[in-house]
Amino acid sequence: MDRVAEDYVKLVLAVGQHDPDYVDAYYGPAEWRKAAESAKVPLDVLATRATNLTTALDGISVPSTAAGERELSELRLQYLKRQVGATSARIRMLRGERLSFDEESKALYDATAPTLPESHFAEVLAQLEKRFPGQGPLVERYDAWRRAFVIPKEKLDQVFKTAVAACRERTIKHLKLPAEESFTVEYVTGKSWSGYNWYQGNFRSLIQVNTDLPVYIDRAIDLACHEGYPGHHVYNVLLEKHLVKDRGWTEFTVYPLFSPQSLIAEGTANYGIAVAFPGEERVAYEREVLFPAAGIDPRRAAEYYEVQALFEKLAYAGNEAARRYLNKEIDAGQAAAWLEKYALMPRARAEQRVRFFDQYRSYVINYNLGKDMVAKFIEGKAAGDAQKRWEEFGRLLSSPRLPSGLR
Ligand SMILES: [Zn+2]
């Protein structure tokens, strides 16, 4: 398996020469990267290499060792097969093959999102309509109400760092992280995403926060947990510690963005918010610490999160817009209009989101479907026990589990 793993890493690096978004992180041998950069191998050659890897993996069986190790080795084999399968699919896409939204998400992320009708969202919108009665489009009334909850630009860094410290404190109480782990934060503009974790290896990340659009108070904890603790930063750190450094599994030194690993990454990053701040703990912390730090009236914390809970029921509206848009049933303008109406995104945010669809396509399902799949998997084992939830969450972050393996 180690030999196939090495070939897989080199294949991913070679595909990265055709697709600038493909290699999200790499911290393996520098000479492998140099070799990939020195020659742009044609896609048909890479397709053959991927097929050969699949054949090689089909011929491997996991040796019968101790039960715990055997389960992990079995996960490793299944994981490599799916990751290579996703690489094959991405190569086919780069060669011009068109997949439907669902075919693409199945091939790349090992999952398909449910298809929901307009009526599903209309029910939630009717409740929000009652909450924000008045004239004109609901999105404008909602947006006007929300303006009081924007973090002022000059306070953003302080509020974000406070949130990061709180998320870290909660995480390290339950998960053992290497002493050297750390990350740096940068504020950027002109991106299709709102935050990004660039993992550097050696337990370090670079986290970028996009300030193109107003940053609302809920984004402080969301981003701090999602990008940092116990989200992407911790996930990458634990994979590096347990799989790369302890076991020498090279395949984890590379992270191809368009692969099943992304559903686990985004799903755990989003679900990790509720792991770090379960139940009422979040509103209590926001009221006591973050609202005052941002200069927002703390008496309004509960009100804000009541509306947020309703708004979150619209999470799958973004998938529907993306599905229709990428299946070419609607154009970019119609997709933005759909997001305004059903996901209550103001125009500028809706347009930013359509740019995200252009760049990352069916990747959108990893956030909400990923979160729901991870939640079900963890809660099925933890059954409401906070300590057990952390244990199972830590185990998932440290193992090569596939989206289809969450069922
Ligand atoms: Zn993410």
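**Helix packing, buried residues and a zinc site**

Tutor: Helix 1 (residues 2-15) and helix 2 (residues 30-38) pack at an angle of about 45 degrees, and their axes are 9 Å apart. This is a predicted model, in which local features need pLDDT of at least 70 and side-chain atom pairs count only at pLDDT 80 or more, while totals for chains, interfaces and linings use all residues. Residues are numbered from 1 along each chain as its sequence is written, and side-chain values use heavy atoms, with hydrogens and water left out.

Student: Why are helix 1 and helix 2 called oblique to each other?

Tutor: Angles under 35 degrees count as roughly parallel, over 145 as roughly antiparallel, 65 to 115 as roughly perpendicular and the rest as oblique. The angle of about 45 degrees belongs to the rest, and therefore helix 1 and helix 2 are oblique. Helix 1 also passes helix 2 in a right-handed crossing.

Student: Which residues of helix 1 and helix 2 meet?

Tutor: Glu6, Val9, Lys10, Leu13 and Ala14 in helix 1 meet Trp32, Arg33 and Ala36 in helix 2, where contact means heavy atoms within 4.5 Å. By class, the residues of this contact divide into 5 nonpolar, no polar and 3 charged.

Student: What makes helix 17 oblique to helix 18?

Tutor: Helix 17 (residues 365-382) and helix 18 (residues 386-397) pack at about 130 degrees, with their axes 9 Å apart. That angle makes helix 17 oblique to helix 18, and the crossing of helix 17 past helix 18 is right-handed. Val374, Phe377, Ile378, Glu379, Lys381 and Ala382 in helix 17 meet Lys388, Arg389, Glu392, Phe393 and Leu396 in helix 18. This contact has 6 nonpolar, no polar and 5 charged residues.

Student: How do you know whether Arg389 counts as buried or exposed?

Tutor: Buried means under 20% relative accessible area, exposed over 50%, and partly exposed in between, with a 1.4 Å probe and protein chains only. Arg389, which lies in helix 18, has 11% relative accessibility and therefore counts as buried. Leaving aside neighbours within four places in sequence, Arg389 is in contact with Tyr271, Val275, Pro278, Ile378, Glu379, Ala382 and Gly384.

Student: Is Arg146 buried or exposed, and what is its relative accessible area?

Tutor: Arg146, placed in helix 7 (residues 138-146), has a relative accessible area of 8% and is therefore buried. With neighbours within four places in sequence left aside, Arg146 is in contact with Tyr216, Asp218, Tyr304 and Gln308.

Student: Which residues coordinate the zinc ion?

Tutor: His226 and His232, each through NE2, and Glu266, through OE, coordinate the zinc ion at 2.1 Å. Donors are N, O and S atoms within 2.8 Å of the metal (3.2 Å for Na, K and Ca), and because water is not among the atoms, sites may look incomplete. Along the sequence, the donor residues are spaced H-x5-H-x33-E. The pair of His226 in helix 9 (residues 218-228) and Glu266 in helix 11 (residues 261-276), 40 residues apart, links distant parts of the chain.

Student: Are His226 and Glu266 buried or exposed?

Tutor: His226 has a relative accessible area of 7% and is therefore buried, and Glu266, with a relative accessible area of 6%, is likewise buried.

Note on methods: Helices (H or I, at least four residues) and strands (E, at least two) are DSSP runs, numbered from the N terminus. Axes are lines fitted to C-alpha atoms, for helices over the stretch in contact, and angles run from 0 to 180 degrees between N-to-C directions. A crossing is left-handed if the near helix is turned anticlockwise from the far one by less than a right angle, and right-handed if clockwise. Ala, Val, Leu, Ile, Met, Phe, Trp, Tyr, Cys and Pro count as nonpolar, Asp, Glu, Lys and Arg as charged, and the others, Gly among them, as polar.
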